[in-house]
Amino acid sequence: MKIAIVCYPTFGGSGVLATELGMSLSEHGHEVHFIAYELPVRLNKLNEKLFFHKVNVPDYPLFNFQPYELALSTKLVEVIKLHSIELMHVHYAIPHAYAAYMAKKMLEDQGIHVPIVTTLHGTDITLVGNHPFYKTAVNFSINKSDIVTCVSASLKRDTLEKFDINNEIELVPNFIDISKYILQQKRCIVENTESNKVPIITHVSNFRPVKNIKNVVLVFNNIQKEIPSKLLMIGEGPEKEMAEQLCKELSIENKVEFLGNSNQVEKNLCHSDLFLLPSNTESFGLAALEAMASKVAVISSDAGGLSEINIHGETGYLTKPDDIELMSKYATSILKDSSLLEKFKNKAFKMAKAFDINNIVPIYEKIYKRALNKLK
Ligand code: GMT
């Protein structure tokens, strides 16, 4: 199959997932064309099955806002015609599903029929998508997609509740490549020779307000009062400065490392014991799944789809996003008991295995076949 994938090229989960999917599809023999405003951060190879096409938006002084959707739909038409692409898979409804629909209509005008598969990822529905300034267009583009998928049961419920959907929404969860994590764990055992190593607590995100970063620091502050430990903060974003400042105010800056963005989180996660994710909303929580695949226990909020992967009392614990005391209590209880910690870690890993790429990519392939048949 020849597939165009539209995604955000950043470190956000939707872009990461779209990139991993495209790379895997190309390994399965499909020809994949990524279309984005920059090379996706996880796209670390290009070959005769894997292409990247940049969407350029010329700066025109008359416009207050440059029309990205226009440039994207034009690019889609151009690339689809040039490479005889059969299907568009757009990740994140805004504005990708909208631009794809315009491209589809322009192509239809030329006798070319290309279906759209839209994957909803989270904030395109739970935060920005249902803003009254966007809602009508987002609703329209979801309904006009040939197949719609979403990443968790919780996101499906949210979509049906917040929008007026007359399309079926299919659940296809996030995934990880478990073999990559198993390999890294083996390397880690060799590296982990320190006998007096303190427990490592990790957080990975794009440091947006929705991630509740302040609570990561406050929970860690409580933990380190009882257990000598270290916090790794991985990622970049608007709340990072606040978090650094808070660490200084709490005099824990020597126990917290801010590592910035990373393309190889598994290298840090494999040394970690506990993962903190107190998000206010989280449709799935790919970062938590990556931690679990690295054999890390998870303490997360119970927001959105997190309870679908983090099983309370088994792979970690769930609390309300702002229940700092309970999160701290759960964290210290696991870290103080090494056999309990080991049990949590193993269960987390076992759970992550169910979300292996080899179980999920074939689901997308079947969806693509159905989308193509729909237009025949
Ligand atoms: O979490 C983010 O801020 C990034 C965001 C995105 O749109 O790239 O991630 C969303 O999609 C991921 C992949 O499907 C999910 O694992 C994340 O849970 C979801 N984020 C939120 O719902 C906040």
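Of the contacts in the chain between residues at least 6 apart in sequence, what percentage join residues at least 24 apart? The share is 69%, where a contact means heavy atoms within 4.5 Å.

Welcome to this structure! It is a predicted model, in which local features need pLDDT of at least 70 and side-chain atom pairs count only at pLDDT 80 or more, while totals for chains, interfaces and linings use all residues. Residues are numbered from 1 along each chain as its sequence is written, and side-chain values use heavy atoms, with hydrogens and water left out.

**The chain as a whole**

You will find 15 helices and 13 strands here; these are DSSP runs numbered from the N terminus, with helices (H or I) of at least four residues and strands (E) of at least two. Along the principal axes, the C-alpha atoms fill a box of roughly 70 × 45 × 35 Å. A compact globule of 376 residues would have a radius of gyration near 21 Å, and the chain agrees, with 21 Å. That radius is taken over C-alpha atoms, and the globule rule is 2.2 Å times the number of residues to the power 0.38.

**Surface and charges**

Of the 376 residues, 56% count as buried, meaning under 20% relative accessible area, whereas exposed means over 50% and partly exposed lies in between (1.4 Å probe, protein chains only). The chain exposes about 16500 Å², and carbon and sulfur atoms supply 52% of that area. Such areas come from the Shrake-Rupley method with a 1.4 Å probe. The chain carries 41 positive and 43 negative charges, and their mean positions are 4 Å apart. Lys and Arg count as positive and Asp and Glu as negative, leaving out His and the chain ends; each charge is placed at NZ of Lys, CZ of Arg, CG of Asp or CD of Glu.

**The cysteines**

The structure holds one disulfide, a term for a pair of cysteine sulfur atoms within 2.5 Å. Its partners are Cys-188 and Cys-270, with sulfur atoms 1.9 Å apart. Cys-188 belongs to helix H7 (residues 178-191) and Cys-270 to the loop between helix H10 (265-269) and strand S11 (274-277), so the pair ties together parts that are 82 residues apart in sequence. The torsion about the S-S bond is about 70°, so this disulfide is right-handed.

What about Cys-150? Its sulfur is too far for a bond, because the closest cysteine sulfur, in Cys-7, is 19 Å away.

| Residue | Relative accessible area |
|---|---|
| Cys-188 | 3%, buried |
| Cys-270 | 12%, buried |
| Cys-150 | 0%, buried |
| Cys-247 | 1%, buried |
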